[in-house]
Amino acid sequence: MKSVLNFVFLFLVFMTTLNSTVHAATGDRLKYLPVQDGGRVKPFDSFARETLELLYGRSTFKRPTGNQSEPAYLIVMSFLLSPESWVEVPLFEVNNLEIKKYLGLNAEEKHFKGNDLFKGEKFANLIQQLNDRREAKEKLNPYFQAVQRLENQFYTFRELTAGRYIKVMPVEGSDSWLGVSALPSAQQSLFVALSQNLARYLGEMGQSGAKSEATLKAGKELDSSVDQFISSVQTVTSNKISAEVFYNDAHLFRWVYIFYLLAALILLYIWIRNSSLNMNIVWVITWIGFLLHMTGFAFRVYLAERPPVTNMYETVVWVSWGAVLFSMILEKIYKYKSILLAGLLVGVFSMVVADMAPAILDPSIQPLEAVLRSNYWLIIHVMTITISYAAFFLAFGLGDLGLVYYVIDAQKYREQIKNISTAVYRAMQIGVAFLAPGIILGGVWADYSWGRFWGWDPKETWALIVLLGYIIVLHARLVNWLQNFGMLVAGVITFNLVIMAWYGVNFVLGAGLHSYGFGAGGIEYVLIFTLAHVLFLAYAAVVRKTQEKTI
Amino acid sequence: MQFKNKTIQKFWRFSTSFQMGIPIIASLMILIIWGTIVESQYDAKTAGKLVYQSWMMYTVMGLLIYNLTIVMVDRLPWKPNHYPFILVHIGIIALIYGGWVTQHYGLDGTLSVPIQKSNGMVMVQQTDFTIYATFNGEKYSKIYDQEVDFFKQNISENKPVQFNLDYGADPGSTSPPQDLKIIKYVPYARATQKIVKSQDPVAGSSVKFQLSNSNVQQIETLTQQNKNKTTETTLGLLTIYLGYNQKKLGRKNPHVNEVYLNAIDQQNLDYSLFNKNETAPYKKGQAKIGSVVPTVWMGLEIRIMDYVQLAKQDWQVVELGRPTAATTEAIQIVFNGKPEWLLLNDTVKVFTDKVAYIMAYHNRQIPLDFKLYLDQFEVSNYQGTRKAKEYASRVTVKSKDSDQAVTTQPISMNEPMKYAGYTFYQASFEKDEKTGLPVASIFSVNRDPGRWIKYLGSIIFSLGIIWLFYQRRKRRTAI
């Protein structure tokens, strides 16, 4: 009871500090400007982050000369102030080597000037090639996907600087807002005032530093001109806008993995050193991370008005939550310590991955495809299937952990190894208990909304393949084909099927009806991850053989 | 179970053991993994034909059912701790059986209904090859209609599909039958159209023209389906008709600017130009290939680039290794030594001195006992975008002959309509290529006698799985 109170207290303290640190600083009212983009109304802050992500590959900008990171909302708005100077700045991210080579760019650089990219015939040729592909309705390979991004960068920047892309004013009788360039004169002049204030603010910041008196004054003026503009274009204000800015700034999911990591490290210390430190502290920190995880989720649900399991990023966050949850439950029952450790490590790993790769795992909130607009079924079917992946992920983490013991000393840690392989078995059982009904519920939904129960669609087929894989393992364990070592190996190997069903179908195969979740990129990292594990397994097997011989 | 005969006993043991079960599950896994790869490299149809509906799949499924059953029988008499595992096995068998019933006795097709029109023919996956014949070009009779699956049939010039057509031949006539062969099947064909001269006396005309002034330059082709059918196109502020007898019938739409083109002979066309709301043409005359007709509309000129009096559309086919969204199936037929391409869901017309034949390679159309009339179709987009948020149809079920309305109901995403044992799902919609506005609603139509078996199987299976999970095992390895 005491520990529960403890952590509730700690959690509240944390949330308050977080709130005060991210809350409104001078000069940031611009973040709260409502804009219409991607089928919804969002704060300018989100719009700017997503735009900069597309152009620059990150949500903050670093000038080649300076070392300070500048926030997206200032950078993107300043494109409007001086478009001609921004094409002379290395702003546009190009990663594809083939494109760099074709355009005659330095292959070692990452960011390029607009003038070097878009002027000249070669860019036009690339776009022509892309259009030919589209005309023939052929699938785009990674090269053309990269060309597509380049095209996107070009048009986005052009439309942005022309004032058409930032839509700020609702129009009665139309569902499309007015862009900055199409504003009526009254609002236009207010927007001009806003831009002038922004220019002054940026100028002061550059000259006398962010904290100086003059900068603060300019910031205040900027804020009031933003407020004036907002009240001139619309009367309704939405709590969602400020909630979203808070969500963006607070970066809750980063705190989540920091807490999980902290908990994992303390747990490791207690475990290895056989320390007398109380396990309660681990539990409290884990719970704080876990609740933050849920808070972040709650924000996404509130902002998007739907369960957050509709793209790769969201499922990674959801699955890592599930893995931690299952590990907490199993840990409570078995008290092996290893289970919670594995769960926390899986949680840290996947949350870090989700945070690190926004180009592949897109964290922005996008509108739903029409067929998915049935929250009830979305929750039931997608969430049950993906939560089973969480259990398998946990089994994988446990398998890894157990194999580490094998590598260190199988004899000495016999007890732990036996415990871990039991936990692997349990985690797999949980996974199967969710996956099998989840697949069937998917069938029920498909039957209800497409008119067929099962259609050998790659996504559903791969879910079945995962199920068959784990069923083989469970049966093999049942008849004693798999001992402890075999179980650990199976936990690691079989998870590759999950990776394929979860990531591979959408990012590698890219076929079928579940096309709303398709994406691109990251395949080299996934392959490295898989290969590294294969090598590790081989190493563990060799070590095991030699250990057996010496006994 | 025990058998006295040693061989049978041995075989029984093998059947009930994991030595059989695990390889079966593993081969099922490998097979369907291959299926998903085929689908990603080709398409769903190819994967279905090569993998999911192949003999290999049926064999593995058969073995699986055999194994699942025999393992249950072996445990007889059952004890309570067997129940969950038996439920799971029965559930799986029911699911597989239900799927088989659906595939063999169910109907799964699409129905496309244009706005304010009705349709009662469901298009299904199976393909048919049909031949019609006529003497006079008006009344056709069906002389051949057969299900075909060219995908699996290895057709080549040396192994063609052969037909002997002798429609209308006198009994006892000694003249040889007309020779029709299908010599090639192209699963992934990129087809482009070209206009060629036809021998068909009722064939329509085709005109290719350019409309241009200092700002605009547009090339269009108008081709009539036959002599009596009008074809038209609207380009900005004027509408152009080919094959509409305005002298006899009057103007088609007096409220717009109109141009009427009509064939005269092999070289010459007749044209008349009308301003909107005027009864007399302000200009008329004859034109041929190369002629330029100036108009009063923003300095636009009409230049006749090509003209064929008796024209037909011919296909040029490029065989691709893989499908794209733009490919279709095509077969090449040879009639009396002359080759022609026939695309899926298209027709080809061939002639002898006396008889005309129409061949069609098409998805089978299954008639319903009623028809659907599309009252209304609505698409709503996400704000400020062209991304569809929801689309919904409002349909009226009408009796087939009398057009009498039976019921009116909405059909939308995730909200199907059930009627007379069929279920209608909102699948997608067709857009007009130029305006982007919806013109027809597409429904999936489905009658599934295996549905209840699958649902029953699902329930049994899920219960079993959850029960299994709670069941504590007594064996050493599994706690």
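Let me start with one residue, A:Leu394. Leaving aside anything up to four places away in sequence, A:Leu394 touches A:Ala323, A:Phe326, A:Ser327, A:Ala342, A:Gly343, A:Val346 and A:Ala427. Before I go on, please keep in mind that this is a predicted model.

As general background, nonpolar side chains in soluble globular proteins tend to be buried together.

Now let's step back to the domains of chain A.

Next, the contact between the chains. Here 51 residues of chain A are in contact with 46 residues of chain B. On the chain A side, helix 17 (414-449) and helix 18 (458-478) each supply at least two residues. Helix 18 of chain A has the largest share of that side, with 13 residues. What is the make-up by class of the side of chain A that touches chain B? It comes to 28 nonpolar, 15 polar and eight charged residues.

The loop between helix 14 (312-334) and helix 15 (338-356) of chain A holds A:Lys335. A:Lys335 is not a glycine, yet its phi is positive, at about 55 degrees. Is A:Lys335 buried or exposed? A:Lys335 counts as exposed, because there are 11 other C-beta atoms within 10 Å, and the cut-off for exposed is 12 or fewer. The other one is A:Asn480, in the loop between helix 18 and helix 19 (484-493) of chain A. A:Asn480 also has a positive phi, about 70 degrees, without being a glycine. With 12 C-beta neighbours inside 10 Å, A:Asn480 is classed as exposed too.

Over to chain B. The domain assignment gives three parts: domain 1 (6-106 + 451-470), domain 2 (108-121 + 366-447) and domain 3 (206-309). The C-alpha centres of domain 1 and domain 2 of chain B are separated by 37 Å.

Chain B also has an open sheet of five strands, with mixed pairing and the order 8-9-10-11-12. Which strands are at the edges? They are strand 8 (231-235) and strand 12 (283-287) of chain B, each of which pairs on one side only. From one strand to the next, the twist averages 15 degrees. Strand 11 of chain B, residues 269-274, runs antiparallel to strand 12 of chain B and is joined to it by five bridges. One example of a bridge pair there is B:Leu273 with B:Lys283.

Please look at strand 14 of chain B as well, residues 301-308, which pairs antiparallel with strand 6 (residues 206-212) of chain B over seven bridges. In that pairing, B:Phe209 stands opposite B:Ile304. Strand 13 of chain B, residues 292-294, also pairs antiparallel with strand 14 of chain B, over three bridges, and B:Val293 stands opposite B:Ile302. Strands 13 and 14 of chain B form a hairpin with six residues between the strands, and in this hairpin B:Met298 takes a positive phi near 50 degrees.

One last stop: the peptide bond from B:Leu76 to B:Pro77 is cis, with omega near -10 degrees. You will find B:Pro77 in the loop between helix 4 (55-74) and helix 5 (83-105) of chain B. Thanks, everyone!

How values were computed
Residues numbered from 1 in each chain as written. Chains lettered and ligands numbered in written order. Predicted model: local features only at pLDDT ≥ 70, side-chain atom pairs only at ≥ 80, totals over all residues. Contact = placed C-beta atoms within 7 Å. Helix = DSSP H or I, 4+ residues; strand = E, 2+ residues; numbered from the N terminus. Nonpolar A, V, L, I, M, F, W, Y, C, P; charged D, E, K, R; others polar. Domains from an automatic or database assignment. Pairing = 2+ DSSP bridges. Axes fitted to C-alpha atoms, helices over the stretch in contact; angles between N-to-C directions. Buried ≥ 20, exposed ≤ 12 C-beta atoms within 10 Å, placed from the backbone.
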